[in-house]
Amino acid sequence: WHDAAAFPVYGKATDSTLTRYERLPASFRGVSRDPVWNLGRNSAGIALRFSSDSPYIKVRWTSMFCNTMSHMAETGVRGVDLYVLTDEGWRFAGAGRPKGKTTEATLVGGMDVCDREYMLYLSLYDGVDSLFVGVDENAVIGVPSVSLPDRSRPVIMYGTSILQGGCASRPGMAHTNIIGRMLGKEVINLGFSGNALLDFEIAGLMASVEDPGVYVLDYVPNASADQIREKGEKFFRILRDAHPDVPVIFIEDPEFPHTFFDKAIAAEVAAKNAAQKELFGRLKESGEKGIYYIGSEELIGDDGEATVDAIHFTDLGMMRYAGHVAPVIEKALKSRH
């Protein structure tokens, strides 16, 4: 067993956290609203990179909270999953199914003895107190020899429960992780379930990342139309003042399946999207450059089959969203070259 502290961690905006596998700086305790702080302790979007020639890979991890959710698989909530780098890119190898506060699991076995590059995605809706990787006693394990994902100019994404990973079946299927594999880029997941309410200290955290590649703002599913009008421009300004040349992508609320039937929900979504579009238009008219807009159409398809509960994405919804958003992120990144 090897303490994962020996291997590099990806997907964090800062290393100044209380423990290694959480997302917010320790200084935010008592500053951020309690729900934001507690959700920030979840390891959503955080991944471990290592290499090994072992014929099997085991993992032993201890969950911080032992959370469960009625609409999301436990493998996604507090499990882990493993990817192997192949000639075609990252390929899923196996998942760790949580069994208690501490779980020991073989994620993949029966392999030929040869060097492989691994990425281990951590739990989406729980924290990780400790993490160990197990390999054969005759095997070698060490830091990755391939610099992938690319850590320069990371993609920083801010949003809601969906962005945090709800309700992917396993961590690697969260759309931020899918986008990271698609683009070969480090993606920082700042999704806070039910709490993407344009808290200014989160904008400050995003702005504190040195040389970010692009900001993605996907808060509309949580923020009200009034909050977008009252706080949206200041949130943007914190980012833009810190990094004038960094592109910013604004995203609308998806066309959730129940808006097809529920007229009150449809009106609420329309009002929030109108506020987002109004904000974007105002910024454009003021002369802001390098800003992009993604509307709700085709964001998760139009057949109503992309969610668990008419809101949170299934793996299908995650894939559709990533396929729609990743090209815009790639275009924004290229605009800086």
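This is a predicted model: local features need pLDDT of at least 70, side-chain atom pairs count only at pLDDT 80 or more; totals for chains, interfaces and linings use all residues.
Trainee: In the open sheet of five strands, which are the edge strands?
Mentor: The order in this sheet is β12-β11-β13-β14-β15, with parallel pairing. An edge strand pairs on one side only. That gives β12 (185–191) and β15 (291–294).

Trainee: What is the average twist from one strand to the next there?
Mentor: The sheet is open and has five strands in parallel pairing. Going from one strand to the next, the twist averages 20°.

Trainee: Helix α4 lies across which strands, and at what angle to β12 does it run?
Mentor: Helix α4 spans residues 175–183. It lies across β11 and β12. Angles over 145 degrees count as roughly antiparallel. The angle of α4 to β12 is about 165°.

Trainee: How many residues of α4 are buried?
Mentor: Buried means under 20% relative accessible area. H175, T176, N177, I178, I179, G180, R181 and L183 are buried in α4. The helix is therefore largely enclosed by the rest of the structure. The count is eight of the nine residues.

Trainee: Which residue follows α4, and what is its phi?
Mentor: The helix ends at residue 183. G184 comes after it. The phi of G184 is positive, near 65°.

Trainee: Which helix lies across β13, β14 and β15?
Mentor: The strands are β13 (214–218), β14 (248–251) and β15. The helix in question covers residues 263–285 and runs at about 160° to β15. It is α7.

Trainee: Are α5 and α6 roughly parallel or roughly antiparallel?
Mentor: Helix α5 covers residues 200–208, and helix α6 covers 225–242. Their axes come within 9 Å and cross at roughly 20°. Angles under 35 degrees count as roughly parallel. The crossing is right-handed. The two helices are therefore roughly parallel.

Trainee: How do the residues of the contact of α5 with α6 divide?
Mentor: From α5 come F200, I202, A203, G204, M206 and A207. They meet K231, K234, F235, I238, L239 and A242 in α6. The division is nine nonpolar, one polar and two charged.

Trainee: What is the bridge partner of D81 in β6?
Mentor: Strand β5 (residues 80–86) and strand β6 (residues 89–96) run antiparallel, joined by seven bridges. A hairpin of two residues connects β5 to β6. In β6, D81 is partnered by A95.

Trainee: Is R78 buried or exposed?
Mentor: R78 sits in helix α2 (residues 74–78). Leaving out residues up to four places away in sequence, R78 touches W61, S63, C66, N67, T68, P98, G100, S123 and D126. Its relative accessibility is 7%, so R78 counts as buried.

Trainee: What distance separates the C-alpha atoms of R116 and V84?
Mentor: R116 lies in strand β8 (residues 116–121). It is buried, with a relative accessible area of 16%. Beyond residues up to four places away in sequence, R116 touches F50, S51, S52, S54, V84 and M111. R116 and V84 are 32 residues apart along the chain, yet their C-alpha atoms are separated by 6.9 Å.

Technical notes. Residues are numbered from 1 along each chain as its sequence is written. Side-chain values use heavy atoms; hydrogens and water are left out. Two strands pair if DSSP finds at least two bridges between them. Helices (H or I, at least four residues) and strands (E, at least two) are DSSP runs, numbered from the N terminus. Axes are lines fitted to C-alpha atoms, for helices over the stretch in contact, and angles run from 0 to 180 degrees between N-to-C directions. Angles under 35 degrees count as roughly parallel, over 145 as roughly antiparallel, 65 to 115 as roughly perpendicular and the rest as oblique. A crossing is left-handed if the near helix is turned anticlockwise from the far one by less than a right angle, and right-handed if clockwise. Contact means heavy atoms within 4.5 Å. Ala, Val, Leu, Ile, Met, Phe, Trp, Tyr, Cys and Pro count as nonpolar, Asp, Glu, Lys and Arg as charged, and the others, Gly among them, as polar. Buried means under 20% relative accessible area, exposed over 50%, partly exposed in between (1.4 Å probe, protein chains only).
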